[in-house]
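Please take a first look at the protein shown below. A short report on its helices, contacts and surface follows.

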Amino acid sequence: MTDLNTRAQPPIQPPNEAIHFSNIYQFYYQPLLMIGFLLCSWWTSYTGVLAMAEFMSGVSDHLSRIALLVTASAMGAQFVLWHYAMRLIPRYVTHAARGIGIIVLLVLMVMLALSSTYTSFIGLTQDSARGLELQRQSDLYAEKARILAPRASAMEDALFVVEPEARAACTRYEQELASGVITGARGAGAVTSQFLKLCEAKTAIAEALEETITANTVRMGEIQSLSAQLDRVIYDRSRSIGQRELQFIDLARRMDSYLLELENADRTNGIRASSQAMANSIAALEDTGSTLASAQAQAIASIIQEERESGEAIAGLIERMEALARPEPGRAVIKPSQTLVLEHWKLHLPQLAISACIDLFAPLSTLLFWAAAIRARNPRRYGS
């Protein structure tokens, strides 16, 4: 009997004060808050739309009006959809109706993510992302400039070794040509011919190194100066980011041209070919020494050993130069704002959080009132 009486009791209704407060809040305060957030979201989204459009063509008056209309229409549609959802979802009772309400909320969240949060995020972070991209590219060029120093040092070291060797080889050739101390006969011959080849090979290596060092010294000075100018351009906050990008491109193009000249002026392959010619001359000297007298053969053998050690030292220097990194000429590219924002998004998490908080207020508040309405409809199930 007691159970029947308990079942017959009407469900407990929520206090009138709570219902009254909920109705007032949903009818007056909530729309006012939504309008305020929509205005914030509209402005940041509008700025983001312009940021995406200004990459190549710039922002014209016609484009500004279109962006204004599109952004305002999207914000209005989202407000209407949110208002429909908040006023209707609490009245849904069936599971099918609730499912439709959930789908509407999901669609609303996707719309906010695509039309508002994304563009707001771009509007908030575009200048910062573009500045970070310039800094990244400047660091790449600074690294290229830094790589040049070890290569220049290696070439100077090689010149210090090769230049005296070249003078000594040419002196030996001239002495043998004039006096014939080794072969016993003055004038040209098989031995003097190989001495001449050694002189020419070492002289060619020394001249190639000296010309390359002289030309590269000027280019390296220009590259170092341009690298310093790139840094000053990036942090020149008195000018807009667009102006800094244009000057950055100009300086980067000039730096690329110097790097290309450095690559074309590299004589490593020619130096290696001259080194191979030296090795061939040394081998020819060995064949020639076998036909000479004992004393002359010993002198040739001593020269061959000296030249072999010299060739090994020069080959080692060439291998060191080739092993060093070579700066490759590139081409600086300024990417669109939306691409840069996505590349550097981890550095802009606070701005992303601000955009998400503004745009997610509507669907989250809808879910909150929906949960309150479910409790009001079935208080026995969820507790009094």
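## Salt bridges and helices

The structure holds five salt bridges. A salt bridge here is a side-chain nitrogen of Lys or Arg within 4 Å of a carboxyl oxygen of Asp or Glu. The model is predicted: local features need pLDDT of at least 70, side-chain atom pairs count only at pLDDT 80 or more, and totals for chains, interfaces and linings use all residues. Residues are numbered from 1 along each chain as its sequence is written, and side-chain values use heavy atoms, with hydrogens and water left out.

| Salt bridge | N to O distance |
|---|---|
| R130 and E245 | 2.9 Å |
| R136 and E133 | 2.7 Å |
| E143 and R146 | 2.6 Å |

Take R130 and E245, whose side chains meet in a salt bridge. R130 lies in helix α4 and E245 in helix α6 (residues 241–264), so this pair ties together parts that are 115 residues apart in sequence. Helices are DSSP runs (H or I, at least four residues), as are strands (E, at least two), numbered from the N terminus. R130 is buried, at 9% relative accessible area. E245 is buried too, with a value of 9%. Buried means under 20% relative accessible area, exposed over 50%, and partly exposed in between (1.4 Å probe, protein chains only).

R136 and E133 both sit in helix α4. Three residues separate them, about one turn of the helix. R136 is partly exposed at 35%, whereas E133 is buried at 2%.

E143 and R146 are also three residues apart in helix α4, about one helical turn. E143 is partly exposed, with 36% relative accessibility. R146 is partly exposed at 48%.

## The overall fold

What does the chain build? The protein has 11 helices and zero strands. Its pattern along the sequence is α-α-α-α-α-α-α-α-α-α-α. Of the 384 residues in the protein, 36% are buried.

Helix α3 covers residues 61–88 and helix α4 residues 95–179. Their axes come within 11 Å and cross at roughly 160 degrees. Axes are lines fitted to C-alpha atoms, for helices over the stretch in contact, and angles run from 0 to 180 degrees between N-to-C directions. α3 and α4 are therefore roughly antiparallel to each other. That term applies to angles over 145 degrees; under 35 counts as roughly parallel, 65 to 115 as roughly perpendicular and the rest as oblique. α3 passes α4 in a left-handed crossing. Left-handed means that the near helix is turned anticlockwise from the far one by less than a right angle; right-handed means clockwise.

## Buried residues and a surface patch

L108 lies in helix α4. L108 is buried, at 2% relative accessibility.

S45 lies in helix α2. S45 is buried, with a relative accessible area of 0%. The C-alpha atoms of S45 and A72 are separated by 9.3 Å, and the residues are 27 apart along the chain.

Which residues form a nonpolar patch on the surface? They are Y29, L32, I35 and L39, with about 420 Å² of accessible area together. Patches are made of residues with over 30% relative accessible area and no salt bridge; like charges are joined within 9 Å, nonpolar side chains (Val, Leu, Ile, Met, Phe, Trp, Tyr) within 5 Å. Accessible areas come from the Shrake-Rupley method with a 1.4 Å probe, and for residues only the protein chains shown count as cover. Y29 lies in helix α2 (residues 16–53). Y29 is partly exposed, at 45% relative accessible area.
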